[in-house]
Amino acid sequence: MAKKKLGLEDLGGFVFSTNDDFEGNEHKETEETLAPEDQQLEAHFSSKGRGGKTVTIIKGFEGTNEDLVILGKKLKKKCGVGGSAKDGEIIIQGDDREKIMELLIKDGYNVKRVGG
C-alpha cells in the first residue's frame, strides 16, 4: 500500500503561485570565494567514524564548491593520497597535517592547527 502524501514536504517542497511577479528560490545569490589571505582555515586530525583510519580535515573554507574541489585536488596531488571535498570541508587521507598546513601557508592562506 502506498504512503499517503500529507504535506508540501511529501510532495517535494514545490510551491505554486498565480502571482506573475513571484520569483521563487531560483534567483539565489552566488557565493564568491574569498581571497586566500582572507580565509581562516583550520587543520584538524581525526580518526572517529572511519574504522581507525586517520584523516586530516581542513575546515572553514569560504567560497564556491567548485573552488573547494580545486583546492582539495591540489592538496591530494601534492600529498599523493586520496580524499574528498564537500560541505565546506576538505578531507585528506592520512595524518599529513603539517605538510598540508605548509602548502596552504605557501599559497597565502591563514591556517590554524586545531587539536592534538
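Student: Is Asp-87 buried or exposed?
Tutor: Asp-87 counts as exposed, at 72% relative accessibility. Buried means under 20% relative accessible area, exposed over 50%, and partly exposed in between, with a 1.4 Å probe and protein chains only. This is a predicted model, where local features need pLDDT of at least 70, side-chain atom pairs count only at pLDDT 80 or more, and totals for chains, interfaces and linings use all residues. Residues are numbered from 1 along each chain as its sequence is written, and side-chain values use heavy atoms, with hydrogens and water left out.

Student: Where is Asp-87 found?
Tutor: Asp-87 is in the loop between β3 (83-86) and β4. Its phi is positive, about 55°, although Asp-87 is not a glycine.

Student: OK, zooming out: what pattern does the protein follow along the sequence?
Tutor: The pattern is β-β-α-β-β-α-β, from two helices and five strands. These are DSSP runs numbered from the N terminus: helices are H or I with at least four residues, strands E with at least two.

Student: And the helices, at what angle do α1 and α2 pack?
Tutor: Helix α1 (residues 65-79) and helix α2 (residues 97-106) pack at about 125°, with axes 11 Å apart. Axes are lines fitted to C-alpha atoms, for helices over the stretch in contact, and angles run from 0 to 180 degrees between N-to-C directions. The two helices are therefore oblique to each other. For the cut-offs, under 35 degrees is roughly parallel, over 145 roughly antiparallel, 65 to 115 roughly perpendicular, and the rest oblique.

Student: Which residues meet there?
Tutor: From α1, Leu-71, Leu-75, Lys-78 and Cys-79 meet Lys-99, Ile-100, Leu-103 and Leu-104 of α2. By class, this contact has six nonpolar, no polar and two charged residues. Contact means heavy atoms within 4.5 Å. Nonpolar covers Ala, Val, Leu, Ile, Met, Phe, Trp, Tyr, Cys and Pro, charged covers Asp, Glu, Lys and Arg, and the others, Gly among them, are polar.

Student: Which residues of α2 are buried?
Tutor: Arg-97, Ile-100, Met-101, Leu-103 and Leu-104 are the buried residues of α2. Down the helix axis they fall within an arc of 160°, so they line one face of α2. That arc is taken from the directions from the helix axis to the C-beta atoms.

Student: What do they pack against?
Tutor: The buried residues of α2 pack against β1 (40-46), β2 (55-59), α1, β4 (89-93) and β5 (110-113). On the other side of α2, Glu-102 and Lys-106 are exposed.
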